[in-house]
Amino acid sequence: MGIKDLSKVINDHAPSAIKQGEMKNYFGRKVAIDASMALYQFLIAVRQDGSQMQNESGEVTSHLMGMFYRTIRMIDNGIKPAYVFDGKPPDMKAGELEKRKEKRDEAEKQLAEAKEKGDAEAVDRFERRLVRVSKDQNEEVKRLLRLMGVPVVEAPCEAEAQCAALAKAGKVYATATEDMDALTFGSSVLLRHMTFSEAKKMPIKEINLARVLADFEMSREEFVDLCILLGCDYCPTIRGIGPKRAYELIKEHKSIENILAKIDTKKYAVPEDWLYARARELFLNPEVADGENVEMVWKEADVEGVVAYLCGEKNFSEERVRSSLAKMKKGRQAGQQGRIDSFFSAAKVVTSEPAAKRKAEDDKKGIKKRGPPIKKSK
């Protein structure tokens with residue numbers, strides 16, 4: 001789920017933190033990608049074109065197809081992607097996972113009813129709700145990425161938190177995911193729609209956390225409390241407080257503790273045994289591998305290994321796979337040139353002590369600039 005309505009709140013109060021652009025704008029950038037989110041997108045996106053869902057043996061291959069071609073598209077644009085996979089979910093997420101299971105159970109009942117009625121549109125809708133990324137699909141994608149020479153990072157817990165740790169350590173420029181909680185975990189930059197298909201024709205949306213905090217006039221801790229009030233995966237929210245009121249309350253009171261001391265709890269029902277403090281701790285100090293120590297190496301693709309896996313085992317078109325790998329090699333070589341802005345740094349202005357002293361004296365006298373003496377013409 002991420003953070004409910006956070007995108008809207010940022011759009012309302014920090015529009016300057018958002019910019020849109022094309023994939024080619026990220027030439028030379030390293031990007032950490034939430035693998036589970038990307039795989040889910042690939043699995044549901046093909047349901048309008050059943051021919052892409054399975055190979056001749058009836059085996060689902062849409063996750064491999066999506067990951068292969070979308071990764072090549074990124075590399076062809078000079079991007080260096082690194083995929084981060086989820087580890088175990090935190091204990092506090094158990095309640096959210098139970099809710100998701102209940103929704104799945106209900107969707108399965110509704111799917112059965114839709115099939116019985118022959119309602120194709122409803123069948124498609126409920127099938128999408130039941131899509132899950134399996135452990136086997138995760139392992140297949142990891143194998144493919146390693147053959148392609150793309151780094152695979154296995155997070156100890158939440159992938160978004162690990163992506164944020166890599167961004168904070170300067171190992172990557174941004175986190176690419178649709179989940180807004182990447183910002184709550186502290187990712188300096190969030191990229192949305194990075195793994196969307198070209199068919200959707202959606203620009204990549206970049207959100208800068210530093211700009212959000214500056215425009216909100218909030219500290220990181222205040223921002224995290226705002227996200228908890230809006231709604232996260234770790235605990236329920238205060239009933240009756242929507243995004244507008246949540247923003248106003250944090251601006252006025254600065255913390256959830258102060259809000260609880262001031263609001264009318266009869267009007268705003270506070271959850272019993274509300275574990276907001278533990279949720280805050282999970283966002284501020286999540287379980288992650290130290291970003292400084294995570295090694296990410298981009299290698300040349302094992303062309304024959306990829307062909308043997310995708311074509312030999314999964315029945316992909318060899319001609320198309322080889323041509324795509326050739327395209328990837330060309331893009332990788334271009335990406336190694338780096339971004340042009342990395343070749344330049346801001347010039348450091350050194351002012352000598354006497355010059356600085358003279359400037360201070362001039363400023364007191366109202367003299368804007370001391371120039372050479374003016375020679376009078378004869």
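# Notebook: sheet, enclosed helix and ring pairs

**Entry 1. Helix 3 and the sheet.** I began with helix 3 (residues 62-76), which lies across strand 2 and strand 3 and runs at about 140° to strand 3. For such angles, axes are lines fitted to C-alpha atoms, for helices over the stretch in contact, and the angles run from 0 to 180 degrees between N-to-C directions. Contact means heavy atoms within 4.5 Å. Helices (H or I, at least four residues) and strands (E, at least two) are DSSP runs, numbered from the N terminus.

**Entry 2. Basis of the values.** The model is predicted: local features need pLDDT of at least 70 and side-chain atom pairs count only at pLDDT 80 or more, while totals for chains, interfaces and linings use all residues. Residues are numbered from 1 along each chain as its sequence is written, and side-chain values use heavy atoms, with hydrogens and water left out.

Entry 3. I looked up how the strands are arranged: 7 of them form an open sheet, ordered 1-7-6-5-2-3-4, with mixed pairing. Strand 1 (18-21) and strand 4 (152-154) are the edge strands; each has a single partner strand, so one side of each lacks a neighbour in the sheet. From one strand to the next, the twist averages 25°. Two strands pair if DSSP finds at least two bridges between them. Strand 2 (residues 30-34) and strand 3 (residues 80-85) run parallel and are joined by 5 bridges. I noted one partner: Ile33 is bridged to Tyr83 of strand 3.

**Entry 4. Totals.** I recorded 16 helices and 7 strands in the protein. Of its 378 residues, 46% count as buried; buried means under 20% relative accessible area, exposed over 50%, and partly exposed in between (1.4 Å probe, protein chains only). The accessible surface comes to about 21100 Å², and 49% of this belongs to carbon and sulfur atoms. These areas come from the Shrake-Rupley method with a 1.4 Å probe; for residues, only the protein chains shown count as cover. Among contacts in the protein with a separation of 6 or more, 71% are between residues 24 or more positions apart.

**Entry 5. Helix 7.** I next examined helix 7 (residues 159-168): 9 of its 10 residues are buried, so the helix is largely enclosed by the rest of the structure. The buried residues include Glu160, Gln162, Cys163 and Leu166. Their cover includes strand 2, strand 3, strand 4, strand 5 (174-176) and helix 8. Just after helix 7, I found Gly170 with a positive phi of about 80°.

Entry 6. Thr184 lies in helix 8 (residues 181-184) and counts as buried at 0% relative accessibility. Leaving out residues up to four places away in sequence, I found Thr184 touching Ile3, Leu6, Arg220, Phe223, Val224, Cys227 and Phe283. Glu206 lies in strand 7 (residues 204-208) and is also buried, at 4% relative accessibility. With the exclusion of residues up to four places away, the residues that Glu206 touches include Ile18, Lys19, Tyr26 and Tyr173. Glu206 and Arg192 are 14 residues apart in sequence, and their C-alpha atoms are 6.6 Å apart.

**Entry 7. Aromatic rings.** Rings of Phe, Tyr and Trp (its six-membered ring) pair if their centres lie within 6.5 Å; planes under 30 degrees apart count as stacked, over 60 as edge-to-face and the rest as tilted. By this rule I count 7 aromatic pairs. Phe216 and Phe223 form a tilted pair, 6.3 Å centre to centre with 45° between the planes. Phe216 and Tyr247 form an edge-to-face pair, at 5.2 Å and 75°. This second pair links distant parts of the chain, 31 residues apart: Phe216 is in helix 9 (residues 209-216) and Tyr247 in helix 11 (residues 243-253). Both Phe216 and Tyr247 are buried. Phe185, Tyr234 and Phe283 form one aromatic cluster.

**Entry 8. Charges over rings.** A charge sits over a ring if NZ of Lys or CZ of Arg is within 6 Å of the ring centre and within 35 degrees of the ring normal. I found the charged end of Arg29 over the ring of Tyr173, 4.0 Å from its centre. The charged end of Lys142 sits over the ring of Phe85, 5.1 Å from its centre.

**Entry 9. Asn293.** Last, I looked up Asn293, in the loop between helix 13 (276-284) and helix 14 (303-313). Asn293 counts as exposed, at 58% relative accessibility. Asn293 and Ala169 are 124 residues apart in sequence, yet 9.3 Å apart in space, C-alpha to C-alpha.
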